Amino acid sequence: MEKKTLITRSMVVLILISIAMVVSPAVNSLPNGIGYEQVKSGGCNCHNGVADTGVVVALDGLPEQYNVSETYELTISFTGGPSTDGAANLGGFNLWASGGEITPVDATVQSRDSSEVTHTEAGNDYRSWTVEWTAPSHGRNVDFVLHVNSVNGDGVQGPEDKWNRLSITVAGSLGAALDPADPFTVLATLIIISGILLVITILYGFYRTNPDAFDWEHLAPWITEWLTSTDHKKIGTLYFVQGMFFLGIGGILAMMIRLQLAGPEMGFISQDQYNQFFTLHGTTMIFLAAMPLIAGFANWIVPLQIGAPDLAMPRLNALSFWLQPFAALLIFTGVFSGEGADTGWTGYAPYIVTAGAHTGVTMWVAGQIMLVASSTLTGINFLTTMAVMRAEGMGWMQMPLFTWSILVANLMLFLSIPAFGVGLIQVYLDRTISTAFYDISAGGDPLLWSHLFWYFGHPEVYVVIVPAFGVISEVLATSARRSIFGYRSMVYALAGIGILSFIVYGHHMLTSGMSPTLRFVTMMTTMLVAVPTGIKIFNWLKTMHGGSLVYRTHTLWALGFIVTFTLGGISGMFFPSIAMDTHLHETYFVVAHFHYVLVGGTVFGFFAAIYYWYPKMTGRMLDEKLGTLHFLTAFVTYNGIFWPMHRLGVVGMPRRTHTYFITTEDFTNLPEWAADWNLFISVSAFLFFFSNFILVANMLLSLVRGDKAPADPWGGWSFEWMTSSPPPTPSFDWHNLPVLKDANEHIANEPGRVGKWFSRLMVPEDHEEVSH
Amino acid sequence: MSGDYDHDYHTPEPWGPHDWGHGAPHNSFSPIFLSIGIAIFLFAMAEAWSYGTYNPGNIPMILLGLLVIGFALFIWWRQDLSFDGHYEPLATGVPFRGVQIRKVGVWVFLMSEMMVFTSLFSTYMRYRLGIENCGTVFDRGMFDPATNPTGWQEGVAVTCFEPASHLIASSWWHLAPGAINTFALILSSFTIVQALRYAKMPDLDDEARRKKVYRYLGATWFLACLFLTLKMIEWFIGFYVPEISAIGLHEHDIISLVDEGYTINADHYQHHSYVDEATGAHMVANIQVSASLFYVTTGTHGAHVAGGIIGLSYMTFKAWKGLYTPNNAVSIEYFGLYWHFVDLVWVLVFPFFYLY
Amino acid sequence: MGLITPLYDDLWNEYLVWSALVGLFTFGWLYHHSFFYRSEDGQNPNVDDLKVGVFPAHYDNMKLEITWTVVPFILIVYLTFISWAPLDNIWSAANEEDGFFGDECVVGESSNLIFNQSEGLYEADCYHEIGISGKQWVWSFDCYDLDADICDTGFAQIEGRDSPLISLKAGEAYLAIMTSEDVTHAPWFVSLGIKEDTQPGQVTTQWVLADEVEDFLLLCTEYCGDDHAYMIAGVNVHA
């Protein structure tokens with residue numbers, strides 16, 4: 001042999017060996033076996049680009065239709081291709097199944113995971129292999145994908161090696177497996193179904209008013225009446241229906257979030273969807289559920305309690321309401337296009353103005369602007385009503401506590417919400433006509449938004465909780481058959497909370513890089529909030545002393561409220577302590593805390609309100625048995641959701657994240673049990689969600705066949721119990737307004753010194769000249 | 001005294017006109033249409049502009065929104081036109097007893113309005129105090145690695161705060177629209193009070209009252225329109241200054257703020273005085289924040305004036321029909337309260353944004 | 001209960017005790033009254049003679065009301081007071097006489113970070129500066145000119161993702177100089193119990209006191225957009 005030829009051949013062999021070494025990790029039919037993930041799309045591509053029909057693949061032993069959980073022995077074999085007897089290697093395979101478990105029976109086969117097997121190094125020398133497949137228990141169709149290659153046995157992969165693919169579907173008793181649903185489709189479907197249910201309920205409500213006149217002739221004026229009414233009771237009902245509807249929608253969103261968090265690194269919803277869902281959950285629950293529920297009760301009860309025929313400005317009141325559903329449409333616009341707001345309900349700048357945030361953010365902001373307008377009008381209307389339309393004999397210090405709480409809430413709301421409105425308009429303009437309020441490159445300050453937002457945001461959360469205080473004061477005193485303990489200190493505590501709410505907002509920014517002086521001041525003022533809140537709790541407890549507590553559903557809710565709200569109040573004390581806040585801020589401890597005060601406080605308070613005032617509103621008593629069942633199930637499952645969250649937050653679970661990380665060998669994060677607790681929370685969340693349908697069912701059933709309610713079923717003292725159930729329209733006769741008597745021999749008809757000075761200021765000098 | 005609250009519920013008329021003898025309207029389509037209109041308008045505006053880029057094709061939607069809003073206002077006013085003061089609820093609770101309820105409502109409304117402008121002013125203070133003034137930057141001189149490392153460089157935009165007053169207060173002519181506007185608003189506060197005075201005057205015959213009231217309301221309307229017109233001239237149009245050299249009044253034609261480059265997205269703004277004398281180099285500045293503040297704050301005030309014009313148009317119409325009497329004159333007062341507030345805000349906005 | 005750092009744990013334990021006391025007191029009272037003062041079957045005595053349209057007789061007791069205004073007030077003054085001390089550590093001034101962590105270390109100098117049990121505060125001879133910068137959605141660390149032993153950056157596989165890693169040395173005090181390139185982020189050193197926002201266009205700082213040998217995660221706790229949940233980094237505190 002010529003030397004030159006030898007060198008050339010040696011070079012070729014060396015190059016081939018080098019190539020083989022480089023690609024060896026991917027070489028199939030070699031010791032490592034065939035990995036499914038690579039071959040799924042490309043096949044055994046290292047052997048050849050395309051499948052070769054010359055290789056005939058067989059998978060024997062599969063039944064036509066499998067029996068669940070039964071084990072089958074499968075034989076994989078092939079014929080054809082370059083495989084020749086006596087060569088070093090013959091071939092290899094990879095078998096994957098979409099369900100069940102595949103296990104090797106001998107050393108020629110190895111398992112990759114329970115759904116995938118391949119050959120071993122020893123298995124390279126065979127043309128058929130045997131495995132066992134245990135059928136799954138779900139009964140759905142199972143797909144098998146088998147790749148087999150036939151090699152020429154030279155130990156080097158190359159175009160002369162051939163492979164082929166075989167796909168088989170084995171029927172299960174239940175047919176094809178369902179495709180995983182798109183969460184957006186699920187959400188949209190649920191919203192639409194809820195909407196349809198709402199319409200059906202409304203139509204049924206109409207049907208019940210007069211079963212003989214169920215036709216368009218009668219429906220049209222009935223609908224028109226509801227769309228155009230300025231009666232405070234009708235608008236209250238509209239608010240109420242809206243609030244309950246969005247409580248359901250917000251609940252659905254929460255369930256989607258909990259499904260995602262049921263296990264670590266789940267993929268039920270994508271991160272993008274998760275971000276939108278928690279944003280919408282917060283926005284919906286606070287602005288579209290809690291606020292309308294409060295406004296609904298305020299509309300219904302406040303004029304009745306102060307002895308006014310209606311609100312001061314009824315048409316504006318209608319405007320306040322109608323702004324809300326259309327604002328909700330704007331806020332939800334993004335969901336139906338998949339580009340919903342993904343900023344969190346706080347919408348922190350500068351993220352909210354960046355193009356990286358979804359386009360739906362602009363719509364979200366637009367909707368929020370409308371809600372701000374709505375809240376401002378509501379505030380004006382209620383403050384005016386309470387200031388000027390109190391009945392004869394009802395001074396400021398004779399107002400029922402629910403009315404007081406609405407007064408304080410509206411005062412907080414309408415003095416703070418303009419700041420939010422201005423911030424929103426700035427963001428809206430930044431996102432549309434390109435102003436630069438939060439453009440960092442032009443010198444914008446992200447903290448400015450935080451200040452404007454939390455100047456509103458903190459009073460806002462008190463706006464949501466304070467009316468619940470009012471409800472509990474009414475319910476508990478009436479149930480204990482006592483007058484409330486320390487009426488005056490209750491009022492001062494409410495006012496104190498109202499004033500403090502404006503100077504504590506910085507505790508949301510304790511880790512924001514705000515100046516330490518401001519943070520320190522905020523820490524002290526925030527601690528102060530505990531004082532008026534404590535006064536309220538102790539006054540409620542003392543009210544029961546010496547009383548005769550009548551156990552009704554609303555009593556149960558009121559007592560439950562005290563439990564959960566006290567717990568929420570205590571956990572709230574951990575945040576102003578800055579050394580702890582640096583750890584607890586933005587964790588599940590925060591989530592636990594505010595759900596304890598917002599669900600355990602506001603929602604429980606308003607559940608009490610529903611059971612308390614439903615007879616007044618509809619003239620029908622609610623079912624006490626269903627009510628008690630609702631309380632027991634909801635109270636237990638509610639604590640099951642939020643109590644474990646405290647611990648999760650402390651051990652390191654951040655909020656607003658799509659997943660959480662369990663400690664591995666390499667890094668410490670959440671302990672193993674965190675995953676179990678998250679599953680527990682998710683299960684509790686679903687139970688809580690469904691338990692509230694008991695309330696819905698109770699309200700609907702009682703509307704139809706509840707007992708007729710007397711004017712004063714619980715024995716309360718305020719004016720609403722004076723009217724019939726349901727009250728007439730107008731609620732009181734303009735010519736014959738009620739007069740409040742006072743068991744304390746105290747006459748409040750004449751204004752005090754400040755009041756006299758104020759009336760001189762308000763009444764024009766020439767007032768008498770004008771004849772009306 | 002406090003009207004006849006006769007509440008035998010008559011057939012509701014949600015489209016108006018309303019029979020006020022039966023009390024306030026029980027039904028109105030106005031609120032729901034107003035809400036729909038606002039929603040369409042905000043939606044279409046958000047579709048039409050995205051980060052300063054105009055996407056054509058949304059004009060019909062915007063117009064539709066405005067049309068629905070206008071329609072809702074029309075219903076509202078149609079119901080209101082027949083208001084003759086017969087129904088004017090008075091307060092029963094202390095300490096407001098005897099005061100018109102709606103007047104208290106307006107005062108409460110003004111409280112929240114005050115918070116709107118407070119928020120705008122706090123934004124202004126944050127940026128005015130937090131961002132270095134462009135004049136200060138310019139005074140530091142041009143960049144020089146050895147002697148002046150903090151100076152500005154030609155062609156490199158400095159982020160700094162450039163108050164609009166630097167342009168406006170630079171010449172009397174430039175200041176003229178703002179100054180005239182100030183007097184116009186103060187004067188309009190006077191005319192609205194005159195309208196109220198004549199409307200309330202009991203011994204005036206109807207025709208004389210009609211004339212006085214609608215003329216004074218018309219004058220208020222005119223002054224408000226003048227205000228907005230001058231503002232448009234100052235922002236977008238500019239004006240020609242005649243040469244009166246005898247009294248030395250001529251400087252140069254006044255260019256509008258926008259034409260001077262003072263726009264909300266001005267990241268390369270050049271003021272004519274920011275020129276280095278020695279080299280002739282121009283300092284360029286990124287003034288988007290300052291311009292946004294100026295346009296949005298004065299614009300918010302302008303929007304209040306525009307809202308006033310819409311209200312005044314209706315009131316002037318009602319006065320022209322001779323429908324204001326001493327009985328319902330107090331509704332002019334409600335508007336007057338709002339109008340005084342808008343006037344007062346201008347008195348604050350003017351020095352902060354035009355002079356200082 | 002060793003949870004995070006002594007700074008946090010002492011407060012936490014103290015707060016837990018007071019929470020338990022307040023809870024026991026309140027719930028004990030609640031349960032007693034709700035059972036003891038429940039109305040018997042068929043009985044509805046209307047204790048305070050509530051009547052519709054009559055403002056009920058006042059039921060109050062000035063002494064009691066003042067008691068439960070003043071006692072909680074004293075408690076919160078105490079809680080504020082104990083929350084005060086750690087602030088000295090958290091906001092300790094850099095490079096000043098009254099700082100707890102001295103001046104910036106010179107090359108080769110060690111912080112000798114110790115926890116002073118009697119004061120309840122951390123003390124160190126000097127500190128090292130490190131840089132942390134947030135960007136959608138990745139952290140970047142900067143060790144400036146520090147020795148690789150004191151501070152080193154790198155990459156680690158966390159949950160299958162290539163994540164940035166910072167290696168610190170136990171017993172050293174670090175001052176993190178932080179900023180952001182786009183939107184607000186917040187690095188949370190989970191096992192150290194500290195976090196502070198990083199703001200674009202601004203510089204914020206926080207003390208990173210590496211007291212124990214541990215590998216833990218650094219998470220982003222200020223919502224910053226699409227990949228917020230996976231904006232993680234590894235922190236390796238070695239001996």
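Predicted model: local features only at pLDDT ≥ 70, side-chain atom pairs only at ≥ 80, totals over all residues.
Local features need pLDDT of at least 70 and side-chain atom pairs count only at pLDDT 80 or more, while totals for chains, interfaces and linings use all residues. Residues are numbered from 1 along each chain as its sequence is written, with chains lettered from A in the order in which they are written.

The contact between chains A and B takes 72 residues from chain A and 68 residues from chain B (contact: C-beta atoms, placed from the backbone, within 7 Å). On the chain B side, helix H1 (30–48), strand S1 (49–50), helix H3 (101–130) and helix H8 (288–320) each supply at least two residues. Helices (H or I, at least four residues) and strands (E, at least two) are DSSP runs, numbered from the N terminus. H3(B) gives the largest share of this side, 14 residues. By class, the side of chain B that touches chain A has 37 nonpolar, 25 polar and six charged residues; Ala, Val, Leu, Ile, Met, Phe, Trp, Tyr, Cys and Pro count as nonpolar, Asp, Glu, Lys and Arg as charged, and the others, Gly among them, as polar.

Chain A holds an open, antiparallel sheet of four strands, ordered S1-S2-S7-S4 (strands pair if DSSP finds at least two bridges between them). Its edge strands are S1 (56–60) and S4 (101–104). S2 (71–79) and S7 (128–134) of chain A pair over seven bridges, and A:Thr75 stands opposite A:Thr130 in S7(A).

In chain C, six strands form an open sheet with mixed pairing, in the order S7-S8-S14-S13-S10-S11. S10 (187–189) and S13 (214–220) of chain C are antiparallel, with three bridges; C:Phe189 has C:Leu218 in S13(C) as its bridge partner.

How values were computed. Contact = placed C-beta atoms within 7 Å.
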